[in-house]
Amino acid sequence: NTSDISPPSFILASIPGLEAAHFWMAILLCSVYILAVTANCAVLFIVKTEPSLHAPMYFFLCMLAAIDLALSTSTVPRILSFYWFNSSEISFGACLVQMFLIHTLSAIESTVLLAMAVDRYVAICHPLRHAAILTNAATVKIGLVAMARGVLFFLPLPLLLLPLPFCRSRVLSHSFCLHQDVMNLACANTTASVVYGLTAILLVMGLDSILICLSYILILKAVLRLALWKERLKVFSTCIAHICVVLAFYVPLIGLSVVHRFGKGLAPLVHIIMGNIYILVPAVLNPIIYGVRTKQIQRRILNLI
């Protein structure tokens, strides 16, 4: 019952009764991770080597690929070491670093998705001004702003947890560290962490999702002003890939938040599966979606194969 200011370690969650299946679960997880890494690296290579793809929309796609690589790499190798080598303990410092990376990279990805929505809005509603507004220099500045925004908003999260004592169970709900999960293990007043965490989520992911919806409402109004249905479908089809990528990011994010808020009585399997979906699904789906929707990427992939 003693409390430590800096606990030596946390215990990563495992699925009760399925410890013997960890080896095979790790093989499945590793296969998905390899697919995510290969697909995102292929997107980065193709956009770099294909001059016709040197445009803001595809630079944003490269940013998404780099974010997904960093996010999955910051979590999956540690999960695999847990499943394969039974290394269930993670130090307090490593847990805070992993938590910071997960939340910061998610915030950066949300900002990039918003920038891509604005890119689609300008391209459809103001096509003559698109090249002047979204230049390559402006794209680089947007990427830097996205990084600064993610770091500034989510750097305080681990700092708020540093002085807290941890004297309860140190078993996490996931196979990696999240702010809500670690915060719930503290045996002190966590009001500041709760308020700031909720504020950061609302000002970043919440605001971004509202602005993305607003941009597509304006796009839909512009599309409906076109006379022919064929023209409407052709114009709006340019947004399909981005809409799918937005859903692939926000649906697991919302699902994980709901599980944390209302799923305290759920089986541990639900928490672990939702956490893995949140980490890996966008990383796998994003390059596949844009690979299917972009002919230049399709051709280069076929050439590489």
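Which residues does Leu157 touch, not counting residues up to four places away in sequence?

## Surroundings of Leu157

In this predicted model, Leu157 touches Met99, His103, His179, Tyr196 and Gly197, with residues up to four places away in sequence not counted. Leu157 belongs to helix α7, which spans residues 156–161. Its relative accessibility is 2%, and Leu157 therefore counts as buried, the cut-off being under 20%.

A separation in sequence and a separation in space can also be stated for Leu157 and Leu220. The two residues are 63 residues apart in sequence, and their C-alpha atoms are 38 Å apart in space.

## Packing of helices α4 and α12

Helix α4 covers residues 92–125 and helix α12 covers residues 268–293; their axes come within 12 Å and cross at roughly 30°. Because angles under 35 degrees count as roughly parallel, α4 is roughly parallel to α12. The crossing of these two helices is left-handed.

On the α4 side, the contact involves Ile102, Ser106, Glu109 and Met116. These residues meet Tyr278, Ile279, Pro282, Asn286 and Tyr290 of α12. Sorted by class, the contact of α4 with α12 has six nonpolar residues, two polar residues and one charged residue.

## Salt bridges

Side chains of opposite charge can pair when their charged atoms come close. Two salt bridges are found when the whole structure is searched.

One of the salt bridges joins Arg120 and Asp119, with the closest N and O atoms 2.9 Å apart. Both Arg120 and Asp119 are buried. A salt bridge is also formed between Asp208 and Arg149, where the closest N and O atoms are 2.9 Å apart. Asp208 lies in helix α9 (residues 191–224) and Arg149 lies in helix α6 (residues 136–154), so this pair ties together parts that are 59 residues apart in sequence. Asp208 and Arg149 are both buried.

Where is Asn86 found? Asn86 is placed in the loop between α3 (76–85) and β2 (89–91). Although Asn86 is not a glycine, it has a positive phi of about 55°.

Is Asn86 buried or exposed? Its relative accessibility is 60%, and because the cut-off for exposed is over 50%, Asn86 counts as exposed.

Conventions:
Residues are numbered from 1 along each chain as its sequence is written. This is a predicted model: local features need pLDDT of at least 70, side-chain atom pairs count only at pLDDT 80 or more; totals for chains, interfaces and linings use all residues. Side-chain values use heavy atoms; hydrogens and water are left out. Axes are lines fitted to C-alpha atoms, for helices over the stretch in contact, and angles run from 0 to 180 degrees between N-to-C directions. Helices (H or I, at least four residues) and strands (E, at least two) are DSSP runs, numbered from the N terminus. Angles under 35 degrees count as roughly parallel, over 145 as roughly antiparallel, 65 to 115 as roughly perpendicular and the rest as oblique. A crossing is left-handed if the near helix is turned anticlockwise from the far one by less than a right angle, and right-handed if clockwise. Contact means heavy atoms within 4.5 Å. Ala, Val, Leu, Ile, Met, Phe, Trp, Tyr, Cys and Pro count as nonpolar, Asp, Glu, Lys and Arg as charged, and the others, Gly among them, as polar. Buried means under 20% relative accessible area, exposed over 50%, partly exposed in between (1.4 Å probe, protein chains only). A salt bridge is a side-chain nitrogen of Lys or Arg within 4 Å of a carboxyl oxygen of Asp or Glu.
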